[in-house]
Amino acid sequence: MKTKGRITAALAMAAVLPLTFTACSGGTSNAGQDVKTLTVLDSYNNEPDKSILQDSIDKCAAQVGVTIERTTVPGKDRMQTVLQRSSSKTLPDVLMLDNPEVKDVAATGALAPLGDFNVDTSPFAGNSLDAVTQDGQVYGLPLPADTLGLFYNKEVLAAAGVQPPKTWGELKAAAAKLTTGDRYGLALSAAATYEGSWQFLPFMWTNGGDETKLDSPEVKEALQLYVDLVNSGSVSKSIVNWTQADVKDQFVAGKAAMMINGPWQIPALAKAPQVQWDSVQIPVNKPGQTPTAPLGGMVWTVPRTGDEAKEKKAAEFVACTGSEDSQMSLGKARNTVPVRAGLQEKYIQEVPAMKAFTEQVENARARTGKLGAEWPKAATTIYTAVQLALTGGASVDEAFARAAAG
Amino acid sequence: MLAGLLSIAEPEGPVNHMPTIERSPLQAPEVPRARNMKGGRRRFSEENIAKVLFVVPAGIYLALFFGYPVLKNISMSFQAYTTKTFFTGVAPWVGLDNYITVFQSNLFTPALINTALFTVGSIAGQFVIGLALASFFRRRFRLSNFLRSMLLLPWLLPLIVGSATWRSILDQDSGVLNRFLEATGLIHDPIPWLTSPAVALSAVVLVNIWVGIPFNVTILYGGLQDIPEELYEAAALDGATGWKAFRYITWPNLRPVVSVVLVLGVVYTLKVLDIILGLTNGGPANATQTLAVRSYQTSFVDFQFGVGAAYSNILILISLLFAIIYLRANRRTVDE
């Protein structure tokens, strides 16, 4: 069996050799040298966002004095890419994450706290830092944020003599009145994904519900609102299978007079000039409540690459993206709200269409603020409960208990 | 994947061996001869080394791309493999914990039942329609070749595109299918294809049947072409035509092909994922959760890679079972 042994040895060599080569090439260190380039990974892979972000990146790169090697991946592949790159120790110098992902990634030890590089995060609104703060350390600097609001078709509402609803009661009445023929009063997404949970949160939170206690009456009242809207026929039963993009399509096609959606749909709405729209904040259950929607938006982080000089430079770059100028220009170009304090009034003046969303962002809440790594579990429970209640699989009273058991 | 390999392996190969051995046609005649050799005198002959060298590339390929993933998946299912593992490389061994999590999950039994219903429903539909179409195309007529190639379209279409299109076709309010059925007076209320837990699984099966028909038609048509025309002529003289010809000539001669189609179909259908994700994402209210969907969601949505690996290993075991049934059945027909 001598040959066999030799062949095995040769095979083993052949298998290991490439690994040693990569290990060598990956191990080069810039410590002590001038940093000339930074690698950036983000998920704005579609136009116009890709170019808009490129402008923002270029400005800061010039200011910090580096050239940028940028890679983009589709949003849905972002976490998988991050995980693959962590295991191969090839994380970029600057990494874009969605804000609910930050705590999870930070918990793995893959991210450096921005405090280590003396990045000043104090000018940022508290709610925008909730999602990126773990054990008192801030791990990312938020890009301008988005959230959810109520879009309505101005012509349709005017023709029906309906005012944009401010309370749940008004919402139900308006949706019922606006429902005619093949047009529904309201469209929203209750899909079996995190998107479905994200859309339920504004109603749940506005009513005082909390993700730490999903079995509470406040949360159930929000679910009852969904059930009432669907059972009365003002909202399509198909919402259990609609993404937010589907909801926008229904609205644009005139098959829904109002919709729950976010400002990232504004470019698509602009392409359909026949739809005259405006937006208001999420209606409240009882007068006196504050419309509270989830805070959406991306975050720049500095992964631990082991190269101190580069990490420091990356932190400088990230700090630059948090500047007033960077936040304002990116916010204007992408219909997202600057989260750096003191910019909101100026922003509304320059982008009046974003008035309702700007107010909504100020009171918005981070999804992972309370639960951190446990949030995905709660999000799964929420969308499952919504689906159970809407499809008659469980009563509103039992839905959350049933969903939590799954 | 492993099971897929097994089922295309040499039918006379010993069942309990690894697929790597059975797959190489070079190996089959070589093994008994090597055993007959006395001592090891001629073991290093040029001929033997050449033989080994022929096998090596295939061996490396299989070990790297089939062996390693399977072994890794098995070891992963006994580890606490989470997002953290990717950065730290630490994945503590947890014994059977992941499997216990799977079996105790309230979604496991529904997912298992759905997997069974989905597979049986899909295979039955695909096979019956596929066989009918294959028999139909056996008669040559104008445009028959063109039509037969058009039938391959669902196969050529990316599944994500197919499922997105079907999602709009099956929409409850404005979908083409409901509009058509209403217009023809077949139904009065729109059918909630993808929005009712009671109907969604059937709708998903329907789409999967559409996807699977080309495969069934192609293989069965090939099998039908191999049945000698003389048999039908002789049978016709004896008065066996139409249904009788099918019962006594087509079916018995087609049986080996049928078993290939069915076993491959089962293995392919068990692991169907993209269609379900595209149509319902496992909803509404978990009505279309299958083992493959659970495996994907626990791994790539919840990032519980250990539990996800346990789900997929269960799936692989079920596939393997069918592959073994196929190999046994085939060996019996060869023995006969």
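User: What share of the contacts in chain B between residues at least 6 apart in sequence joins residues at least 24 apart?

Analyst: In chain B, 69% of the contacts between residues at least 6 apart in sequence join residues at least 24 apart. Two residues are in contact if their C-beta atoms, placed from the backbone, lie within 7 Å. This is a predicted model, in which local features need pLDDT of at least 70, side-chain atom pairs count only at pLDDT 80 or more, and totals for chains, interfaces and linings use all residues. Residues are numbered from 1 along each chain as its sequence is written, while chains are lettered from A and ligands numbered from 1 in the order in which they are written.

User: What makes A:Ala257 a buried residue?

Analyst: A residue is buried if 20 or more other C-beta atoms lie within 10 Å of its own, exposed if 12 or fewer, and partly exposed in between, with C-beta atoms placed from the backbone. A:Ala257 has 27 other C-beta atoms within 10 Å, so it is buried. The residue lies in strand β9 (residues 256–261) of chain A. Leaving aside residues up to four places away in sequence, A:Ala257 touches several residues, among them A:Tyr152, A:Val156, A:Leu178 and A:Gly185. By contrast, its C-alpha atom is separated by 32 Å from that of A:Ser329, 72 residues along the chain. In chain B, buried residues make up 35% of the 336 residues.

User: Why are β8 and β10 of chain A called edge strands?

Analyst: The sheet is open, with four strands in the order β8-β9-β7-β10 (chain A) and mixed pairing. β8 (184–187) and β10 (277–280) of chain A each have a single partner strand, so one side of each is left without a neighbour in the sheet. On average, neighbouring strands here are turned by 20° against each other, direction ignored. Helix α7 (residues 168–178) of chain A lies across β8 and β9 of chain A, at about 130° to β8(A). Such angles run from 0 to 180 degrees between N-to-C directions, the axes being lines fitted to C-alpha atoms, for helices over the stretch in contact.

User: How do you know that β7 and β9 of chain A pair?

Analyst: Two strands pair if DSSP finds at least two bridges between them. Strand β7 (residues 149–153) of chain A and β9(A) have four bridges, in the antiparallel sense, and therefore meet the requirement of at least two. Within this pair, A:Tyr152 stands opposite A:Met258 in β9(A).

User: Which other open sheet does chain A contain, and which order do its five strands follow?

Analyst: The five strands have the order β2-β1-β3-β11-β6 (chain A), with mixed pairing. Here β2 (67–72) and β6 (140–142) of chain A stand at the edges, since each has a single partner strand. The twist from one strand to the next averages 25°. Helix α2 (residues 49–64) of chain A packs on the sheet, touching β1 (37–42) and β2 of chain A, and its direction makes about 155° with that of β2(A). Strand β3 (residues 94–98) of chain A and strand β11 (residues 298–301) of chain A pair in the antiparallel sense over four bridges. A:Met96 stands opposite A:Trp300 in β11(A).

User: How many helices and strands does chain B have?

Analyst: Chain B has 17 helices and zero strands. Helices (H or I, at least four residues) and strands (E, at least two) are DSSP runs, numbered from the N terminus.

User: What contact do the chains make?

Analyst: The contact takes 27 residues from chain B and 29 residues from chain A. Helix α5 (residues 83–88) of chain B gives the most to the side of chain B that touches chain A, with five residues. The model scores ipTM 0.84 and pTM 0.84.

User: Where in chain B is confidence lowest, and where is it highest?

Analyst: On pLDDT, the predictor's confidence in each residue from 0 to 100, the lowest mean in chain B is 39, in helix α1 (residues 2–7), and the highest is 95, in helix α6 (residues 97–104). Over residues 1–39 of chain B the pLDDT is below 50. Where pLDDT is low, the predicted coordinates should not be read in detail. The mean pLDDT of chain B is 85, and chain A averages 90.
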